[in-house]
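Me: I am new to this structure and would like to go through part of it. Could you show it to me?
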Amino acid sequence: MATPGLPRPIAKDLSRVTEALDMLSPRWSVWTLMTLGEQPLRYTDIKTRLPMLFDAQLSGRLTTLTADGLVDRHEESARHVTYQLSGRGRSLGTVIAALATYGDTHLDKIKKPNRITGELEPERIPAAQNAEDTLKLITPKYATSLLWALRSQPSASGRELADVVLDHATTTAPIYQPLRQLVEDGLVDRLGHSSYRLSRQGEALTNTFQALSTWAAGRAKATPHPLWVPASAPSRPAMWAANSSPSQRPASTVATPESTVQQRLGLFSHGIPDRPRSGSSMGGRVR
């Protein structure tokens with residue numbers, strides 16, 4: 001969704017980012033993308049790696065991701081069809097890495113006893129689930145537009161945000177529920193009666209939106225975005241094994257697109273959830 005009240009170049013960029021989020025946000029999309037790699041896989045191979053998906057869910061994801069140009073489908077015969085990431089899909093590595101890192105760093109985790117020490121420690125969430133949980137925070141209607149609008153100014157009232165997000169609409173009503181959710185999720189701070197600003201956790205989305213902007217614009221290299229200037233250089237493209245937890249993996253084991261095949265055997269080394277929990281996020285609000 002475009003945000004007409006922003007400067008035209010930024011509004012155009014936001015529109016591309018929103019389209020990218022629309023492709024990534026459906027449930028299981030990231031899991032499916034992170035399971036595919038350089039090596040073509042048959043449907044049964046993918047199903048083995050994602051056993052928690054029903055056939056209708058997996059086939060639906062593959063069909064949509066193929067239509068979006070993120071997955072290539074090769075039909076050698078009626079009985080031999082394979083799938084693999086397209087070039088555009090492989091280049092999503094940086095975006096998925098940024099989404100997963102944000103979720104791993106900022107989303108609350110349930111504490112569980114360590115199997116060896118018995119001490120409570122944050123639950124290890126698969127990278128794909130961390131990425132999808134982050135998407136659940138920023139993809140509801142108006143959420144990303146509101147975050148970008150608040151990034152463009154230190155603080156703003158609901159009326160001012162409506163003027164930006166809704167293009168001088170006669171009513172501000174549509175933005176208040178999304179604003180309340182962003183406050184509840186910890187991405188926005190409410191100041192006084194009706195003024196808002198990005199929270200520290202909202203500001204921490206910088207690298208995520210920078211990666212999304214770079215990918216959506218088709219830029220080969222990340223350049224500082226006029227709105228979301230990253231605090232540090234964006235990470236190199238990385239496609240983690242879908243069921244690994246990034247905070248628990250040393251840098252040497254993070255798979256780049258070129259090494260995805262070598263990581264295939266360790267894809268589900270931390271166990272496969274029966275069916276990952278639904279809701280705004282697995283661990284609740286950002287911390």
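Me: What is the strand order in the open sheet of 3 strands?
Reply: This is a predicted model. In the model, the order is 6-8-7, and the pairing is antiparallel.

Me: Which strands are the edge strands?
Reply: They are strand 6, residues 156–157, and strand 7, residues 188–191. Each of these pairs on one side only.

Me: Over how many bridges do strand 6 and strand 8 pair?
Reply: Strand 6 pairs with strand 8, which covers residues 195–198, over 2 bridges in the antiparallel sense. Within strand 8, S195 stands opposite S157.

Me: Which strands does helix 8 lie across?
Reply: Helix 8, residues 143–151, lies across strand 6, strand 7 and strand 8. Its direction is at about 90° to strand 8.

Me: Is helix 8 mostly covered or exposed, and how many of its residues are buried?
Reply: Helix 8 is mostly covered, with 9 of its 9 residues buried. Among them are W148 and R151.

Me: Changing topic, at what angle do helix 9 and helix 10 pack?
Reply: Helix 9 (residues 158–165) packs against helix 10 (residues 173–184) at about 110°, and their axes are 10 Å apart. Angles of 65 to 115 degrees count as roughly perpendicular, so that description applies to helix 9 and helix 10.

Me: Which residues meet there?
Reply: From helix 9, G158, R159, L161 and A162 meet I175, Y176 and L179 of helix 10. The residues of this contact divide into 5 nonpolar, 1 polar and 1 charged.

Note on methods:
Residues numbered from 1 in each chain as written. Predicted model: local features only at pLDDT ≥ 70, side-chain atom pairs only at ≥ 80, totals over all residues. Heavy atoms only, no water. Pairing = 2+ DSSP bridges. Helix = DSSP H or I, 4+ residues; strand = E, 2+ residues; numbered from the N terminus. Contact = heavy atoms within 4.5 Å. Axes fitted to C-alpha atoms, helices over the stretch in contact; angles between N-to-C directions. Buried < 20%, exposed > 50% of the residue type's maximum accessible area, 1.4 Å probe, protein only. Parallel < 35°, antiparallel > 145°, perpendicular 65-115°, else oblique. Nonpolar A, V, L, I, M, F, W, Y, C, P; charged D, E, K, R; others polar.
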